[in-house]
Amino acid sequence: MRTNSIKNMAFKPEFTAHNCPAANKKNIGIIGAGVNAAQAIGFFSKHGMSVTTGACPSVGIAGGFGLGGGHGPLAPTHGLMVDQAVEFDVVTTDSVFRTINECNEPDLFWAMRGGGGSSFAVLVNYKFQLHPQVRWATWRIEATLSPDSPDITENAVLREILTPVSNEQHTWSKNRVTGYDTVSHTFVSFFQILPDSGDTLAKLKKATANFHSFMTTHPGINVTTDLYQVFDSQPEFYAGEAEGIAAASIVGASILTPSRLITTDNFETPKKIDNLVSAFLGGMEVARKQLGEELAAGVAFFILKTGAINTPDTEKATSVNPAWRKTLWHVIIIASWPPGAPKEVSGKITTAARDALDVIKAPLSVQAAYFNEADVAGPDWKNVYFGEPYEKLLTIKKKWDPDTVLNCVKCIGYLGEQDPMYSCDSKNPIPSVPYPFGQAEIDITSDGNVLVDMQKEL
Ligand SMILES: Cc1cc2nc3c(=O)[nH]c(=O)nc-3n(C[C@H](O)[C@H](O)[C@H](O)COP(=O)(O)OP(=O)(O)OC[C@H]3O[C@@H](n4cnc5c(N)ncnc54)[C@H](O)[C@@H]3O)c2cc1C
């Protein structure tokens, strides 16, 4: 189903919800399913409003992003995209167009606020809270390191850098400082962002003063970029930082993204921080050893500081993995290889990234990942992707899509490899249309069994 051309957008300073006075709100945006971040930012900024988009302007915000979570630089301030939702127009699998909100089909509305795309209904319009424009202060610091030993676990300077970053993270996130970091054996890049009112730049400088002083005075750190900036609005931030954002956005390559949401408990004591930093360095070392110099660039380590810790969702109005409410770091190990790379190369890179994550996730008490940016082959997906809401989501899925019209791998209601659509990944592929084509009928019962009408096949 192609939703890309559903590009309608409207601004409602006074929004009246469908049969639901409780959902009447001020400053609501309405976007069609095909609107991307750049289009929404451009449109709503003309009304003095900002939008809870992700990092990349080209990513759509109503589909997989807006139904599965949707984190970005405004997440520590206003929460995830799903937190902004007030009403959806959807088409359910019984072919009925419905307007759903907290009063009308509240179970479906709840499920679509975090339970993922392609699972419950087709979203047509996303109606969500906008926020008045503020100024965006940024600080980018980049540095090269010259470690004595190639063993990353012995890289004392990198350990020294990651320790204050971890120490300060809770305070930064509480103060709505967000950002995107890249860490390697010989290079680090920290990009801190504060969208706020008042003297935003002074606030960011104050919040980052200790770490700035550490980075710029340490004899083992060779700072190559140290730049504070301030932008007057969200579009100016994205335009001004376009180059840096593009550098971190991989387009056209094959990628795999083993990842973990790293929750606040891992930052509580010096001992826990030490464990976390050791695990991070240990994971990097595993990848380095397996890949060697030649393939080292195939695996990169990103820390996204876009958790929603300041919006606890105490009413449980959304179905997104509750770990998001305690997330300080969304760690993504990006494994990438160019189109046409030999299988042994892509295999080596994916194995290294997965093995690295195994080391990083080992000390974590909460095992959670953002399914929009995770490894589809990771274990325990129901718990890791969805957490506690999984069972309720599954019940709602069965109610609204009893025949599994909507499906995707490891989404709510995924039937597993016995689903002909995905059985080609299994040892026992079941053709959706048995050969010779057009002569058999195949059906899947609600408990997941595949029925092939052999009479017709023969
Ligand atoms: C370069 C890049 C940067 C990213 N940055 C971020 C980021 O900063 N923050 C973040 O949260 N995520 C980010 N993501 C991940 C992003 O959230 C996911 O890729 C998400 O799935 C994108 O949704 P989509 O609808 O554009 O993609 P699609 O692949 O089209 O859809 C994803 C799933 O949702 C379903 N779906 C799509 N539209 C609808 C609809 N209208 N109704 C029902 N189901 C639908 C699809 O069937 C599919 O199962 C990034 C991804 C990329 C490629």
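A polar contact is, for this tour, a pair of N or O atoms within 3.5 Å; within protein, one must be able to donate a hydrogen and the other to accept it, and residues adjacent in sequence count only if both atoms are side-chain atoms. The model is predicted, with local features needing pLDDT of at least 70 and side-chain atom pairs counting only at pLDDT 80 or more, while totals for chains, interfaces and linings use all residues. Residues are numbered from 1 along each chain as its sequence is written, and side-chain values use heavy atoms, with hydrogens and water left out.

Select the ligand and then Gly64, where a backbone N or O atom lies 2.9 Å from a ligand oxygen atom. Move on to Phe65, whose backbone N or O atom lies 3.4 Å from an oxygen atom of the ligand, and then to Asn372, which places a polar side-chain atom 3.4 Å from a ligand oxygen. The protein covers 67% of the 930 Å² of accessible area (Shrake-Rupley method, 1.4 Å probe) that the ligand has on its own.

Next, select the shell, meaning residues with a heavy atom within 4 Å of the ligand: it holds 21 residues, the closest being Ala55, Gly64, His71, Leu123 and Tyr370. Colour by element to find helix 2 (64-68; helices are DSSP runs of H or I, at least four residues), which gives the most to this shell, with three residues. At least three shell residues come from each of domain 1 (9-132) and domain 2 (135-386), bounds that come from an automatic or database domain assignment.

Conventions. Helices (H or I, at least four residues) and strands (E, at least two) are DSSP runs, numbered from the N terminus.
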